[in-house]
Amino acid sequence: MNVNELTPLFNFAEMQPRQRNSNGLTGQDIISVSQFDRDLLDYVFARAREMRELVQRVGGTDILKGHVLTALFYEPSTRTSASFIAAMERLGGSVIPITQGVQFSSVSKGETLADTIRTLEQYSDVIVLRHPEMGSAQVAADYAEIPVINAGDGPGEHPTQALLDLFTIREELGMLDGLKVAMVGDLRYGRTVHSLTKLLLQYNVSLRFVSPEILRMPLSYMNQVIDAGVDVRETHDVADVIKNADVLYVTRVQKERFSDLAQYEQVKDQYEITAELMTQAKAKMIVMHPLPRVGEIHYNVDKDPRAAYFRQVQNGMFIRMALLAAVLGKA
Amino acid sequence: MNVNELTPLFNFAEMQPRQRNSNGLTGQDIISVSQFDRDLLDYVFARAREMRELVQRVGGTDILKGHVLTALFYEPSTRTSASFIAAMERLGGSVIPITQGVQFSSVSKGETLADTIRTLEQYSDVIVLRHPEMGSAQVAADYAEIPVINAGDGPGEHPTQALLDLFTIREELGMLDGLKVAMVGDLRYGRTVHSLTKLLLQYNVSLRFVSPEILRMPLSYMNQVIDAGVDVRETHDVADVIKNADVLYVTRVQKERFSDLAQYEQVKDQYEITAELMTQAKAKMIVMHPLPRVGEIHYNVDKDPRAAYFRQVQNGMFIRMALLAAVLGKA
Amino acid sequence: MNVNELTPLFNFAEMQPRQRNSNGLTGQDIISVSQFDRDLLDYVFARAREMRELVQRVGGTDILKGHVLTALFYEPSTRTSASFIAAMERLGGSVIPITQGVQFSSVSKGETLADTIRTLEQYSDVIVLRHPEMGSAQVAADYAEIPVINAGDGPGEHPTQALLDLFTIREELGMLDGLKVAMVGDLRYGRTVHSLTKLLLQYNVSLRFVSPEILRMPLSYMNQVIDAGVDVRETHDVADVIKNADVLYVTRVQKERFSDLAQYEQVKDQYEITAELMTQAKAKMIVMHPLPRVGEIHYNVDKDPRAAYFRQVQNGMFIRMALLAAVLGKA
């Protein structure tokens with residue numbers, strides 16, 4: 001065999017080179033909600049709407065054909081990994097699924113995150129990273145030449161969750177300015193409510209924080225809210241906010257957060273959303289939840305048209321489709 | 001950036017909307033073999049034959065492009081999950097593989113099956129579910145708006161296995177009516193022999209049940225067989241059926257089923273199919289097994305053209321391709 | 001429903017049958033580096049170069065559309081499995097990922113490797129196998145009718161690693177004949193250095209083996225090298241080779257190999273490649289490593305243009321693309 005006489009497998013002359021249009025996100029990492037101003041949010045939401053229409057009409061497209069996403073989950077997250085996988089596949093791209101959250105072979109041999117990232121980027125066009133340590137997504141982004149999307153870095157951020165939350169409010173209620181948003185449950189440790197709060201500060205909203213005393217919104221976030229001049233109140237009881245809320249964003253109150261179980265027993269009923277409680281809410285409002293829930297929203301609420309939490313899940317796929325397309329230059 | 005002036009990513013006007021033709025299975029769940037009458041079986045088998053020809057000629061097609069299957073396996077099943085994944089991919093669809101059977105993150109946080117299903121269906125067009133509890137597939141189907149395919153619900157059903165078994169008999173022997181089908185091994189706990197028996201009752205067959213005393217076919221199935229007026233006999237010994245059987249369907253006799261090991265030692269040899277034993281069988285007959293086997297069919301039988309168990313495996317892919325296309329409206 | 005009047009789903013008459021061109025690898029298993037002579041290596045490298053250009057220009061292609069790869073990893077290997085998955089996907093093929101290295105359901109039920117292989121080949125066009133036992137890849141290949149690619153069989157071989165190593169040297173330095181290749185670290189147990197050595201014997205190279213006394217190159221390999229008439233020297237110290245080496249192939253020296261830790265402490269510094277040490281190396285040479293590393297190449301070397309180990313990783317994907325296309329008849 002004379003290699004010089006080999007018939008080429010491909011006719012490169014006839015291939016359309018990859019087209020990348022520049023947008024604010026092309027080639028960028030997505031690490032934190034603080035990267036998103038109102039203009040950029042408008043852009044992402046407009047694209048997410050296109051994605052929704054695409055999925056509803058035809059299911060998917062081919063614009064990310066020839067692109068590979070590595071889903072690198074150091075801890076398992078069925079919901080988030082499935083959402084990103086579906087998003088990439090519906091855009092015509094492929095996925096390397098490393099999603100079981102078990103010890104990777106390389107990690108168990110002592111490899112650093114930086115090396116794992118620089119290895120996997122050789123195969124991929126974009127990396128989605130879930131990692132238990134705060135700041136790990138930024139470390140990965142610093143080392144990678146391809147875009148890294150933070151899918152949760154421990155107590156740090158989970159920006160695509162916050163974006164899908166904000167998008168859900170916008171789509172369900174048709175606006176963001178002027179809304180009364182009540183957040184309920186564990187406001188101290190809840191990563192989602194922290195990030196959503198930060199995003200909401202870009203809009204003219206009222207905030208109501210409902211939590212047990214020991215799970216109140218941390219000082220740093222409260223100060224940001226107050227500095228922004230937002231109308232804000234804290235309370236221990238959902239009853240105080242249910243009548244006027246446009247958005248009731250519910251999170252789980254975890255028993256294990258309480259050293260005094262009597263205290264837990266005392267408050268827990270105040271954080272259970274029931275069909276009965278919903279009779280007090282406005283006709284046009286929504287109930288949201290990042291899921292999974294274990295009892296803080298009763299099943300008898302599910303058929304209420306105001307129960308938006310499963311639509312919220314689907315919005316996650318549309319947002320992730322929009323972000324993947326954007327960072328990969330489809331704009 | 002003015003979002004209103006954004007160039008759309010997609011030209012929806014030029015997109016062909018998803019075409020769904022109606023057939024008896026479009027949009028349906030597949031939970032039990034009792035959904036299938038002879039007409040529907042004929043339909044599925046005709047489609048499965050097309051799938052076989054497709055795979056043999058060109059490997060795959062694009063008819064399920066833009067469709068996403070979630071393979072949700074609460075317990076691992078390499079064979080079944082791989083079969084569904086290959087089936088979906090050969091039809092041009094994509095897969096969210098949740099197949100390791102480990103604790104999912106959402107499940108370990110206490111999420112119910114209903115919520116997991118309602119979450120995953122937001123990303124998917126069809127869900128394939130393996131779950132250890134009987135009835136779980138029906139629960140999932142009740143909650144999901146998209147089709148759910150039962151890939152085994154504990155001691156319940158595993159309908160696609162029964163369909164591929166029946167299809168194998170039909171393709172290997174060219175008919176179903178008039179056949180003598182012998183089932184051998186653990187007839188008490190074997191889900192596959194129960195479901196296959198139910199399907200065979202729609203045809204004019206003779207049945208021979210071969211098992212140790214403690215692993216005899218349960219009363220409920222025996223009564224169904226007798227009520228159907230089928231020619232049926234039970235025996236302890238393969239030698240009693242080997243000469244006349246058109247189909248020898250072998251399953252594993254598990255040692256752990258016996259409290260008296262002496263009893264196990266006594267019977268086990270009667271359930272080992274060997275090349276020597278096969279000399280007594282008809283020239284035109286087949287040996288089947290749902291696999292995995294551990295010794296009940298000797299390796300020296302593998303090269304016998306009557307050994308159909310690996311062809312049976314491949315028929316599983318064709319049947320699943322036919323079912324996926326059908327429930328997703330390609331008919 | 002009359003099945004005979006069913007409208008066919010597919011128009012087979014209009015389908016292009018799968019085209020398979022014959023090349024030296026079409027339909028072949030890839031088990032060992034000893035299958036590759038210089039001509040075949042030239043062929044694979046020429047194809048790998050095409051794959052690199054393809055990926056750089058457009059990301060991927062469709063030539064393996066309708067083909068399914070089963071990635072069957074009995075022990076996890078993030079790097080290798082991700083590389084094969086990306087390779088298959090960039091060629092337009094699909095993957096059944098069985099990559100977690102956990103107990104498979106079939107295996108835990110006692111199924112043999114032969115049966116697992118004969119089952120999975122029913123769904124697939126090619127199988128990539130990682131298995132802890134030497135010789136397992138050959139067993140799999142003996143039973144499978146479709147091509148099997150060895151992705152590491154314990155202390156046996158890992159031929160695609162050796163091919164990517166050789167390809168990296170060729171591409172980085174523009175030649176193979178005439179080079180001085182130094183291998184450093186654990187030469188006794190290191191599968192990669194053994195296989196690379198075997199491949200290099202086909203070229204006119206000089207070899208320098210640098211290791212602690214207890215980790216010297218095994219007799220059998222040394223004898224092969226000597227029999228081939230190659231210029232070879234062994235030493236304990238990197239300093240002896242750094243000045244003249246064209247290739248410094250570094251592997252990990254594992255502490256646990258030493259019964260006398262004092263001995264380990266004494267040698268370990270001699271096997272750490274640092275920026276300082278690199279000042280002694282030639283201007284045109286490369287440092288390679290099969291990765292993961294844990295300290296034997298310092299991070300301060302990474303930005304040195306002679307650090308080739310991450311480019312080496314990417315070459316793995318190109319080599320695997322070339323091999324997959326070749327065994328599946330795209331030549």
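## How the copies meet

Two residues count as being in contact if their C-beta atoms, placed from the backbone, lie within 7 Å. With that in hand, look at chains A and B: only 6% of the interface residues of chain A are also interface residues in chain B, so the copies meet through different surfaces.

Before going on, some housekeeping. This is a predicted model, where local features need pLDDT of at least 70, side-chain atom pairs count only at pLDDT 80 or more, and totals for chains, interfaces and linings use all residues. Residues are numbered from 1 along each chain as its sequence is written, while chains are lettered from A and ligands numbered from 1 in the order in which they are written.

## The rotation

Two copies of a chain are related by a rotation about an axis and a shift along it.

## Strand β1 of chain B

Helices (H or I, at least four residues) and strands (E, at least two) are DSSP runs, numbered from the N terminus. A residue is buried if 20 or more other C-beta atoms lie within 10 Å of its own, exposed if 12 or fewer, and partly exposed in between, with C-beta atoms placed from the backbone. Six of the six residues of β1(B), residues 68–73, are buried, so this strand is largely enclosed by the rest of the structure.

In a regular strand the side chains alternate between the two faces of the sheet. In β1(B), B:V68, B:T70 and B:L72 are buried on one side, and B:L69, B:A71 and B:F73 are buried on the other. From β1(B), the chain passes through helix α2 (residues 78–90) to β2(B) in a right-handed β-α-β crossover; right-handed means that, with the strands pointing away from the viewer, the path from the first strand over the helix to the second runs clockwise.

Strands pair if DSSP finds at least two bridges between them. β1(B) pairs in parallel with β2(B) (residues 94–98) over five bridges, and B:A71 sits opposite B:P97 there. Five bridges also link β1(B) to the parallel strand β3(B), residues 126–131, where B:T70 has B:I127 as its bridge partner.

## Strand β5 of chain B

β5(B), residues 180–184, is mostly covered, with four of its five residues buried. Five bridges join β5(B) to the parallel β6(B), residues 206–210, and B:A182 faces B:R208 in that strand.
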